[in-house]
Amino acid sequence: MAWEALGRDSGALYRGTRLSTAGALERASLSAREREFLDASRAAADSEQAAARRSARRLRRLTVLLTLLLITASATTFHAIRAQGTATRQRNIAVSQKVAEQATAPRSTNPALAN
């Protein structure tokens, strides 16, 4: 058997259609070596499927994490822009009040400017 000649290399195991076809055979009609080969093939296929599921699960988690980070960054940016607008309005009000105070200050010391 090629699998044993290759030192039971997992690359020589059946996969896909070959494994499905061989799996449909009556186990009682197979020799012990053939059953061992099919069992190893099924175990390898199950292991590959489990790895694919883990990879897909990791990818979903990463997608969710990146989506949450994007939402957080967007919300933070929106909040920062609003805060900047508020700060600008408050600064403009403070500057206008200071200018108004500076304009009315000479009235008390120089009544001629009151007109």
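This is a predicted model: local features need pLDDT of at least 70, side-chain atom pairs count only at pLDDT 80 or more; totals for chains, interfaces and linings use all residues.
View 1. Residues are numbered from 1 along each chain as its sequence is written, and side-chain values use heavy atoms, leaving out hydrogens and water. Arg-8 and Glu-36 join in a salt bridge at 2.2 Å, N to O (a side-chain nitrogen of Lys or Arg within 4 Å of a carboxyl oxygen of Asp or Glu). Arg-8 sits in the loop between H1 and H2 and Glu-36 in helix H3, so the pair ties together parts 28 residues apart in sequence. Helices here are DSSP runs (H or I, at least four residues), numbered from the N terminus. Glu-36 is partly exposed too, at 34%.

**View 2. The other salt bridges.** The count comes to three salt bridges. In one of them, Glu-48 meets Arg-15, with the closest N and O atoms 2.8 Å apart. Glu-48 is in helix H3 and Arg-15 in the loop between H1 and H2, so this pair links parts 33 residues apart in sequence. Asp-39 and Arg-42 also pair up, at 3.7 Å between the closest N and O atoms. These two are three residues apart in helix H3, about one helical turn.

**View 3. Tyr-14 against Phe-37.** Here is the one aromatic pair (ring centres of Phe, Tyr or Trp, the last by its six-membered ring, within 6.5 Å; planes under 30 degrees apart are stacked, over 60 edge-to-face, the rest tilted). The ring centres of Tyr-14 and Phe-37 are 4.8 Å apart and the planes lie at 85°, so the pair is edge-to-face. Buried or exposed: which is Phe-37? Phe-37 is buried, at 6% relative accessible area, while Tyr-14 is partly exposed at 29%.

**View 4. Inside the largest nonpolar core.** Nine residues make up this core, including Trp-3, Leu-19, Phe-37 and Leu-38 (buried Ala, Val, Leu, Ile, Met, Phe, Trp, Tyr and Cys joined through side-chain atoms within 4.5 Å). H3 gives the largest share, four residues. Leaving aside neighbours within four places in sequence, Leu-38 is in contact (heavy atoms within 4.5 Å) with Tyr-14, Leu-19, Ala-22 and Leu-30.

How values were computed:
Buried means under 20% relative accessible area, exposed over 50%, partly exposed in between (1.4 Å probe, protein chains only).
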